[in-house]
Amino acid sequence: MAKNKTQETDKSVYQFLDEFIEDEAKREDSKILINLMSDVSGYDAKMWGPSIIGFGSYHYVYESGREGDAPIIAFSPRKAAFSLYVFRGNKEESTLLPRLGKFKMEKGCIYVKKVADIDLNILSEILRNTIRLTLEQYPSQTDII
C-alpha cells in the first residue's frame, strides 16, 4: 500500500510562514489561527507535509486496510483561501456553520479567505466538537489531552 504523503515533519511552522506565505495579511491570519487552534487543542503547531499546520494527531485504520496518522485539527494557508480541516459533519457542527460567517465548503473542508470573515468563537466551538468526535472515534489512538 502507498505511503501517505501528509505526514508530520520537523520543519518549523514559522519558517514555513516566512518562506512560503508572501502575503503579510495571510501570515498574520495564520498566526491568529495557530494561536486559536493551539489554545483549543492544547497542542503546539506542527507541519504536516509541505503546507498543512496541524495540532495533535491520531492513528486511523480504514476498512480497506489503509491506515496512517493525521492531525486532529489543522489548516493550510493556501493562495486562494485558508483550508480549515476541522469539520466532521455532525448535527451540532451543522447548526454552528450558519453562524460561522463567510466561507465555502467541500468534502468536510471549510474554506475561508480571511480570518476577519468568520466568528472565531464559533470556529472555537467547531474545533472543540471536532476534537471530541475524533477522541470518541479513536479513543486509544490519539495523543490529545
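A: Happy to! Let's begin with Ser76, which counts as buried because its relative accessibility is 1%, and the cut-off for buried is under 20%. Keep in mind as we go that this is a predicted model.

Where does Ser76 sit? Its place is in strand S5, which covers residues 73-77. A polar atom of the Ser76 side chain lies 2.7 Å from the backbone oxygen of Ser51. Ser51 is also one of the residues that Ser76 touches; leaving aside residues up to four places away in sequence, the others are Ile52, Ala81, Phe82, Ser83 and Tyr85.

Now step to Phe75. Phe75 is buried, with a relative accessible area of 0%. The bridge partner of Phe75 in S6 is Leu84. That bridge brings us to the two strands themselves: S5 and strand S6 (residues 82-85) pair in the antiparallel sense, over four bridges. In general, strands of a sheet pair through backbone hydrogen bonds, either parallel or antiparallel.

Zooming out, S5 and S6 belong to an open sheet of six strands, in the order S1-S2-S5-S6-S8-S7, with antiparallel pairing. Strand S1 (46-48) and strand S7 (104-106) stand at the edges with a single partner strand each, so one side of each has no neighbour in the sheet. On average, neighbouring strands of this sheet are turned by 30° against each other, direction ignored.

Back to the side chains. Which residues touch the most other members of the largest nonpolar core? That core has 37 residues, and the ones in question are Ile53, Phe55, Phe75, Leu84, Val86 and Leu123.

Finally, look at the rings. There are five aromatic pairs in the model. In one of them, Phe75 and Phe82 form a tilted pair, 6.1 Å centre to centre with 55° between the planes. Phe82, which Ser76 touches as well, is buried, with a relative accessible area of 1%. Elsewhere, ring pairs link Tyr58, Tyr60, Tyr62 and Tyr138 into a cluster.

Notes. Residues are numbered from 1 along each chain as its sequence is written. This is a predicted model: local features need pLDDT of at least 70, side-chain atom pairs count only at pLDDT 80 or more; totals for chains, interfaces and linings use all residues. Side-chain values use heavy atoms; hydrogens and water are left out. Buried means under 20% relative accessible area, exposed over 50%, partly exposed in between (1.4 Å probe, protein chains only). A polar contact is a pair of N or O atoms within 3.5 Å; within protein, one must be able to donate a hydrogen and the other to accept it, and residues adjacent in sequence count only if both atoms are side-chain atoms. Contact means heavy atoms within 4.5 Å. A nonpolar core is a set of buried Ala, Val, Leu, Ile, Met, Phe, Trp, Tyr and Cys residues joined through side-chain atoms within 4.5 Å. Two strands pair if DSSP finds at least two bridges between them. Axes are lines fitted to C-alpha atoms, for helices over the stretch in contact, and angles run from 0 to 180 degrees between N-to-C directions. Rings of Phe, Tyr and Trp (its six-membered ring) pair if their centres lie within 6.5 Å; planes under 30 degrees apart count as stacked, over 60 as edge-to-face and the rest as tilted.
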